[in-house]
Amino acid sequence: MEKEMPELITVESARDSHRWVAITALLLAIGVILHTISPNVGGVTPNWTIAMYSITTNLTHPGILRALGTGFVAGLTIIPSSKSAFPMGNIASELAGSLTACLIVKAFVAVHLGKFKLLPIIIGFFATLVSGSVFTNILCVVLGLPFSTWLKVMLPVVTVVAVLNAVITQVLYKPVEKVFYTTGGSQDE
């Protein structure tokens with residue numbers, strides 16, 4: 001008597017459905033490490049975390065809720081390595097920065113410029129400028145500093161960091177894009 005064999009069922013893998021989570025988590029982790037070890041040169045340190053979520057935002061075109069989630073996680077992850085007087089301000093500033101990156105990408109996609117080659121530099125600059133401005137404003141309120149201190153001292157530093165982050169975002173975008181779209185393995189497998 002021959003035993004009946006069960007029917008073989010094939011299930012397609014969901015290869016790319018959660019790739020954005022993996023690349024976002026990886027880049028945020030790299031950003032935290034670089035944020036921790038980067039020296040402060042003349043009061044200026046690049047914010048690697050902003051550069052990293054600017055890259056993932058440009059790659060994955062997230063919705064507003066996903067961008068806010070990314071910003072919240074980014075803010076939480078840099079609190080332990082923060083060198084500022086008020087580390088909790090990072091949560092609000094990264095929410096604002098990530099939302100800014102998301103809105104810039106949506107605006108460029110809406111006018112059919114989603115593949116514009118200089119989009120990473122624009123996202124990196126404005127996300128950092130907004131995030132840094134929010135953070136330094138919170139810091140001024142917490143420390144009771146006058147508005148003129150923010151305008152004459154903090155805003156120029158934020159602008160320099162925004163320029164640095166814009167360059168970092170543009171330089172790192174292409175290699176990360178290549179990794180993001182790699183399917184893995186060879187065609188012979």
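Begin by selecting Asn-58, Gly-114, Lys-115, Tyr-173 and Glu-177, which lie nearest the centre of the second largest pocket, a site lined by 13 residues. The structure is a predicted model, in which local features need pLDDT of at least 70 and side-chain atom pairs pLDDT 80 or more, whereas totals for chains, interfaces and linings use all residues. Residues are numbered from 1 along each chain as its sequence is written, and side-chain values use heavy atoms, leaving out hydrogens and water.

**Stop 1: the second largest pocket**

This pocket has a volume of about 200 Å³. A pocket is an open set of points on a 1 Å grid over the protein atoms alone, with protein on both sides within 12 Å along at least five of seven lines; a cavity is a set where a 1.4 Å probe fits but cannot get out; lining residues have an atom within 4 Å of a point. Points are joined across faces, edges and corners, and a volume is the space filled by probe spheres set on them.

Next, colour helices H2 and H6, each of which supplies at least two residues of this lining. H6 gives the most, with 5 residues. Helices are DSSP runs (H or I, at least four residues), numbered from the N terminus. The lining has 5 nonpolar, 4 polar and 4 charged residues. Here Ala, Val, Leu, Ile, Met, Phe, Trp, Tyr, Cys and Pro count as nonpolar, Asp, Glu, Lys and Arg as charged, and the others, Gly among them, as polar.

**Stop 2**

Is Lys-174 buried or exposed? Lys-174 is exposed, at 54% relative accessible area, while Glu-177 is buried at 17%. Buried means under 20%, exposed over 50% and partly exposed in between (1.4 Å probe, protein chains only).

**Stop 2: the largest pocket**

Select Gly-43, Thr-45, Ser-84, Phe-135 and Val-161, which lie nearest the centre of the largest pocket, among its 24 lining residues. Its volume is about 670 Å³. Helices H4 (89-110), H5 (119-143) and H6 (147-181) each contribute at least two residues to the lining, and H5 provides the largest share, 6 residues. The lining comprises 9 nonpolar, 13 polar and 2 charged residues.

**Stop 3: Ser-131**

Remain on helix H5 and select Ser-131. Ser-131 is buried, with a relative accessible area of 2%. Which residues does Ser-131 contact, leaving aside its neighbours within four places in sequence? They are Ile-50, Tyr-53, Ser-93, Glu-94 and Gly-97, contact meaning heavy atoms within 4.5 Å. Gly-31 is 100 residues from Ser-131 along the chain, and their C-alpha atoms are 15 Å apart.

**Stop 4: the cavity**

The count is 1 cavity of 30 Å³ or more. The largest cavity has a volume of about 50 Å³. To see its lining, select Trp-20, Thr-24, Thr-56, Thr-57, Thr-60, Pro-62, Arg-66, Ala-67, Thr-70 and Ser-98. Helices H1 (19-37), H2 (48-60) and H3 (64-78) each supply at least two of its lining residues. By class, the lining has 3 nonpolar, 6 polar and 1 charged residues.
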